[in-house]
Each structure stands twice: as structure tokens, then as C-alpha cells.
Amino acid sequence: MGASIWLVSVLGTKRERRAAPASRPGPERSRSGPLTERLARACAAKPRRTLGAWGLAVLVAMVLVGSFLGGLSSSYHAVGQPESQKAANLIARAFPRSLQPPGDKTDVVIVHSAGYTAGEPVFRVFVGDLVRAIRATAKASGVRSYLIGLPSLVSSDGHATLITLSSASAADVKPIVAVIERASSAAFTASITGNYPAQNDFSKLSQTDLENGELAFGLPAALVVLVLVFGTVVAGLMPVALALISILVGLGVVALLSLVFNLSVFIVNMLSGMGLALGIDYSLFIISRFREERTHGGTELDAIARAGATANRAVLLSGSTFVIAMFGMLFVPTQILRSLAAGAIVVGLVSILSALTLLPALLGLLGDRVNALRVPLLARNLGRTEAAEGQMWRSIVDRVLRRPALSLTAAAALMLAAATPIFGLHIGASGVSSLPNSLPSKQGYVALQRYFPAQSTYPAQIVVQGGSTAVRGDLARLRARLARDPRFGPGALFISPTEPVTLLSLPIRGDPSSPKAVAAVRDLRGRLLPAALAGTGTHADVGGDTAENADYFDAVTKPTPAVLAFVLGLSFVVLLVAFRSLVVAVISIVLNLLSVGAAYGLLTLVFQHGLGATLFGFQQVHAIEAWVPLFLFSVLFGLSMDYQVFLLSRIKEHHDRSRDTIAAVGSGVATTARIITGAALIIIVVFIGFARGQLVMFQQMGFGVAVALLLDATLIRVVVLPSVMTLLGERAWYLPRGLSWLPRIEIGQDT
């Protein structure tokens with residue numbers, strides 16, 4: 001908001017610089033036309049009232065963010081009552097905090113010395129002092145070390161030991177982590193790992209990626225693209241200002257939602273990145289249309305109204321489609337996907353509202369001063385029509401249209417080749433092993449794997465409701481048998497003092513999100529446990545972090561067909577109604593699937609196979625984050641819908657005037673090329689900001705979106721779509737008579 005007010009104050013607000021009031025249409029005209037036109041005219045006619053309302057919204061949002069935006073979680077597990085949650089509930093009831101089993105722990109501290117062994121006094125003194133410092137934080141319970149007679153906590157070579165403890169949350173573990181970091185010296189190294197240290201590090205990394213990626217890189221890069229597209233500083237700053245306002249107001253809404261729902265900390269990253277992309281893109285299209293209408297001789301208010309009847313209406317349609325597409329992810333019962341979807345939905349709605357109301361008000365104040373502070377050379381095209389600016393693109397598309405079949409074959413083959421690696425795509429999760437080596441939980445994880453490979457802070461929790469001697473014997477025999485299984489460590493058996501519940505805590509080697517660990521839990525559930533308890537009439541539930549990961553993967557994959565059907569069906573209906581063409585709707589769906597498939601294939605090639613990973617600064621990992629493919633599908637369909645709607649609406653405009661499909665395709669591509677290219681570049685640079693971060697999940701998401709939109713805005717828009725439309729000719733506008741009842745929504749035209 002401050003940036004917008006600054007622009008107004010610098011440029012002045014004197015109304016005499018504009019056309020005379022008498023030249024503006026009267027009230028009768030303002031009450032006619034589509035809603036978006038009437039809304040734009042009303043906001044532009046009384047801009048200060050609109051600005052005041054948005055200023056109040058920003059102030060309220062700032063208060064909400066400062067007061068309530070806290071307590072966000074870095075968890076991404078399934079919601080509801082999967083087996084891991086049932087096990088956790090039973091353990092919490094049978095082993096309340098005051099009666100925790102002796103082996104229960106959430107975190108471990110690893111102390112190592114190259115020069116001393118655990119039996120030497122100096123080692124014992126160091127460990128004793130560290131235990132007292134941890135207890136002094138009052139944030140840890142059940143702190144245990146080898147000093148109380150637990151030799152199993154000493155490594156086989158005697159140079160390392162464990163301190164086990166339990167903390168209540170990622171926030172509570174912070175002072176403990178600080179104690180550990182201060183304790184290391186030349187003679188001793190101390191590190192910590194476990195559930196809450198890892199959550200704390202994921203949250204910190206999320207904040208760092210937000211600051212260094214989306215904001216420090218994506219925002220300035222988007223501003224550069226805007227100045228290049230518009231040729232003036234003021235026109236370039238306006239979309240950025242509106243995007244920042246949309247993000248702040250969206251964060252205020254999220255702060256309210258966090259009081260009711262358990263949201264992931266990554267919602268802030270998603271809301272910020274998507275707010276930049278959508279807010280800037282929507283403003284870009286509307287400002288461009290306003291400037292184009294001014295070149296045709298209309299008054300400023302008429303130009304705003306005309307933009308409201310065309311660009312604003314297209315923004316409303318494409319933005320609403322994007323928002324509704326995001327609702328598909330709410331079908332997936334996982335905290336992270338629902339949080340990411342909520343962030344995208346909230347900022348999408350706010351961005352639409354600001355584009356339809358706040359932007360016309362600012363244009364009403366600034367008028368032609370939106371072209372102030374011109375950049376030499378870049379502003380040479382101001383005052384020319386978009387068609388004049390699109391000669392280069394017209395030349396390119398004309399070459400494509402001369403040989404449409406060859407162009408289509410070559411481009412489609414390239415896209416299909418990029419999509420081929422999709423058949424090797426594996427889903428998984430980014431665990432502690434994917435964190436940078438500089439973070440405490442990663443250092444502790446590496447130390448634990450090195451000195452105590454059989455230990456784990458993420459054991460499988462096998463809980464049986466039934467404490468009979470036979471059941472305990474079966475579990476004891478299972479523990480002995482699994483102690484010889486290289487996938488597991490030595491387990492511990494506990495009996496609840498209050499209920500007939502038996503618990504077998506069984507360490508699983510490695511990262512709890514690794515394919516081997518998850519496969520071990522699935523084998524435990526599906527084969528080992530049923531065989532061990534056969535004939536007892538009892539049922540066992542398996543919980544713990546690795547079990548939660550297994551349930552999370554199931555929660556993501558099982559609803560996938562429903563989500564795909566929802567997004568595809570929605571997109572088809574919107575396009576069918578918007579363009580009243582069955583063929584155009586089908587073509588758009590197929591082309592979007594082609595872009596998504598190519599993005600999936602390149603994602604697999606880079607992250608799983610490592611081709612170019614080092615060049616891009618990415619990690620090669622064993623799997624693609626489970627939520628990324630589904631999220632990419634929904635987001636890419638929503639974002640690419642923008643370009644399809646704006647491009648096809650222009651093609652339809654030209655076709656309705658000329659009734660010549662080939663000429664309409666050439667004109668449509670030429671008149672939208674500069675703006676669509678700029679819009680695509682903005683989203684690409686914003687998501688490159690995600691990819692530049694250190695969180696693997698956001699590297700994958702940022703790379704996937706950037707690559708897909710790059711392909712969509714180049715090969716699809718310039719080669720594939722024009723070729724297909726040319727080959728089809730008038731058949732491209734076919735609508736069966738049985739669908740003639742569909743409502744008419746004339747996007748990009750006056751009613």
C-alpha cells in the first residue's frame with residue numbers, strides 16, 4: 001500500500017491533467033455492461049474511497065499477522081485417523097506423560113571425542129555438565145545418559161555416547177539446540193537430532209528460502225521483467241505494489257484460519273510466491289489493456305471501463321478457475337497439501353479482488369501518468385498498438401503456419417520426449433537426510449548413523465490392545481527375530497501400568513522417509529505382525545514417524561484419480577462455456593496435459609537421475625516429494641489457463657470479425673505475444689526463486705512450474721496451438737447442436 005501511495009504522491013493527483021469531465025460517460029452507461037466493467041468504472045470514478053477501504057484492510061491484516069500468525073507446523077502427515085494416528089492415540093492413553101515407558105524419547109544428543117573415551121573422567125565431566133545444562137532449560141524430560149548405568153548408550157569403540165530426552169514441540173527444542181551448539185569444543189563435539197530438531201530446522205529453512213528466494217530474487221526479477229515489458233518505471237511498480245498488498249491481506253486471512261485449523265508453515269511460502277505470480281500477472285494484463293485502449297483515443301475513464309469489460313473479465317474467469325482448481329487438493333487428507341491449497345486459494349481470491357477494484361482506482365488517480373518515468377529505448381513503443389509491437393511474433397507464427405503439420409509433429413515429438421522419464425517417477429518425502437549439512441538436526445543424524453547405526457529416534461511403535469501373557473510372548477519372539485533383521489535395531493517391550501496395552505518400540509535404520517524404511521514398515525504391517533499374532537485374536541497398530549510417512553504416501557496417492565478428474569472436468573467445462581467450442585476445450589486440455597507431462601519427465605530426469613542437478617544447484621534424491629506431482633498438476637492447469645484464456649479470447653475476437661481462422665490465429669498470437677511472454681517470465685522467475693532455496697520439496701516445485709510454463713509459453717503457444725488451429729480451420733469452433741443452450745460468456749469483447 002505504501003508503494004502505491006508513494007507513486008500517487010510523487011506523480012500528483014490533479015484531475016485537470018485528464019480529459020474533461022464532460023467527456024466521461026454518464027451514469028446510464030455506468031449501470032450498463034458486464035459487472036467487471038461497472039465495478040471498474042465505479043472504483044475509478046471514486047478512487048479515494050476504494051483506496052481507503054484497501055488501506056483499512058491492510059492495517060487489519062498487519063494486526064492479525066502480528067497477533068495470530070504463529071504456531072504453524074512443519075508436519076506434512078496425513079490427517080484423520082490412519083493407522084499411525086490410531087497407534088499414537090492408544091499410546092498416549094496407555095502411557096500418559098507421567099508414565100512414559102523408559103525407552104521413550106523424541107530426540108537424542110550425540111557426544112563424540114576423538115581423544116577421550118567414555119570411561120575417562122574428562123569425558124564423564126563433559127557429559128554430566130551437558131546433562132545439567134539440558135535440564136536447566138526446563139524444556140526436556142526423561143534426560144538419560146550412560147552415567148546412570150546404561151552402557152548401551154556408549155558406542156562400540158567407546159568414543160561416543162548418547163543422551164536421550166523428550167521435548168514437547170519444535171519451539172521447546174530451540175533452547176536445547178542452543179545449549180548443544182554452545183557445548184562443542186576442540187576436544188568434544190555435540191550434536192542433536194530427532195523429530196523436533198528436524199521440524200525446527202525445516203521451519204527455519206522455510207523462512208530462509210522465503211527471504212532469499214521468493215522475496216530477494218523473485219520480486220526484483222519480476223520488477224525487471226515488468227519494466228522491460230512496459231518501458232516505464234511507474235507501470236512496472238504498480239503490479240508489484242498490488243501483489244505485495246494482496247500477499248499482506250492474504251496473510252491476515254491465513255492468520256485467522258490458523259486459529260481454527262492446523263496449518264503447515266509452508267503456507268507462507270506458497271502464499272507469497274503465488275501472490276507475486278498471480279497479483280503481478282493480473283495487473284499486467286489489465287494495465288496493458290488500459291494502455292492499448294488509450295492508444296485508440298478513448299478517455300481515461302472509458303479506457304478503464306473498456307479494460308474492465310475485457311481484461312478484467314478474463315482475469316475474473318481465469319482467476320476463478322485457478323481458485324476452483326485448487327479446491328481439488330482439499331480432497332487430499334494431508335496437512336501440507338491442504339495448507340498449500342488454502343494459501344493458493346486465499347491469495348488467488350485476494351489477487352482477483354485487488355485487480356478488479358484497487359487497480360482501477362489507482363488507474364483512476366494516475367491516468368496516463370502510469371506511463372511516467374520512461375526508460376530510454378524500452379519506451380519507444382509507447383502509444384503504438386499491440387499489433388504493431390507483435391511483428392516479430394507474427395513473423396515467427398507465419399513461418400509455423402506455412403507448414404503446420406511439420407511444425408506440430410516436431411514440437412509434439414520434443415514434448416513427448418521430455419515426458420518419457422515420467423515412467424520412472426517415484427514419490428517419497430524429504431526427510432532429515434535431505435537437509436543442508438550446516439543444520440543441527442542433519443549433523444546429529446549423520447553422527448547417529450556413524451556411531452550408533454542400530455539406534456533411531458524414529459522407531460516403529462507396535463501397540464497391541466491386550467496384555468495377555470501369550471501376546472507378550474509373541475511380541476517378545478518377534479522382537480528377537482527382528483533383532484537379526486538388518487532393517488531393524490534391538491527393540492524394547494513395555495507394558496502399560498494403567499491399561500491392558502503392550503508396546504513394542506522397534507528402531508528402524510536410516511531416514512524415516514527413505515524407501516527402505518517405509519518398505520520395512522509396510523512389511524511389518526502386512527506380513528510380519530499378522531504372522532506373529534496369528535491365532536491370538538488380537539490386532540496390532542503400527543505408529544511412529546516412518547509409519548506416518550507410509551500413511552502420508554497412501555493419503556496422497558489414493559485420492560489422486562478424484563483430484564485429476566475434478567481439475568480436468570472443471571477446466572473442460574469452463575473452456576467449453578467460455579469459447580462455445582467443443583474442439584477448443586478438448587485441444588486446451590490435451591495441450592495442458594502435454595505441458596504437465598513434460599514437466600514431470602524433466603523433474604524425474606533432473607532430481608532422480610541427477611542429469612543437470614549439479615548445474616542447477618539441486619540435490620539428487622531417491623524420489624519426488626509425494627505432494628509435488630499432484631500440486632503441480634493443479635497449479636499448472638490453473639496458471640496455464642490464464643494464457644489459454646487470454647490467447648484464445650483474442651483469437652476468437654479476430655475470428656468473430658474476420659471469420660478466417662488462420663488470420664485470427666496469426667493476429668491473436670501477435671497481439672498477445674509481448675504481454676503473455678512477460679506474464680510467463682514473471683511466474684517463471686518467481687518460481688525460480690523457489691527452486692533457488694535449499695528445501696528439496698520447493699526446489700522440485702519451483703523447477704517443475706518454471707519448466708512447464710516455459711514450454712507452455714513457447715512451444716505450446718507459438719507452435720503447437722497455432723498449428724492445430726490452422727489444420728482444423730473452421731472445425732476448431734465446432735459446437736454440437738445439443739450444446740447450443742450453453743450460456744454465452746464473451747471474454748474479451750463488449751456485450
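Here are legends for a few views of this predicted model.

**View 1. The whole chain, from end to end.**
Start by getting your bearings: the chain has 26 helices and 10 strands. A compact globule of 751 residues would have a radius of gyration near 27 Å, and the chain's 30 Å agrees with that. Of those 751 residues, 60% are buried.

**View 2. Phe618 meets Phe703.**
The structure holds 17 aromatic pairs, and here's one of them: Phe618 and Phe703 sit edge-to-face, 5.7 Å centre to centre, with 75 degrees between the planes. Phe618 is in the loop between α23 (613-616) and β10 (624-625), while Phe703 belongs to helix α26 (residues 696-728), so this pair ties together parts that lie 85 residues apart in sequence. Both Phe618 and Phe703 are buried.

Are they buried or exposed? Trp627 has a relative accessible area of 0%, so Trp627 is buried. Phe631 counts as buried too, because its relative accessibility is 0%.

**View 3. An aromatic cluster.**
Step back from Trp627 and Phe631, and you'll find them in one aromatic cluster together with Phe266, Phe687, Phe690 and Phe698.

Key
Residues are numbered from 1 along each chain as its sequence is written. This is a predicted model: local features need pLDDT of at least 70, side-chain atom pairs count only at pLDDT 80 or more; totals for chains, interfaces and linings use all residues. Side-chain values use heavy atoms; hydrogens and water are left out. Helices (H or I, at least four residues) and strands (E, at least two) are DSSP runs, numbered from the N terminus. The radius of gyration is taken over C-alpha atoms; the globule rule is 2.2 Å times the number of residues to the power 0.38. Buried means under 20% relative accessible area, exposed over 50%, partly exposed in between (1.4 Å probe, protein chains only). Rings of Phe, Tyr and Trp (its six-membered ring) pair if their centres lie within 6.5 Å; planes under 30 degrees apart count as stacked, over 60 as edge-to-face and the rest as tilted.
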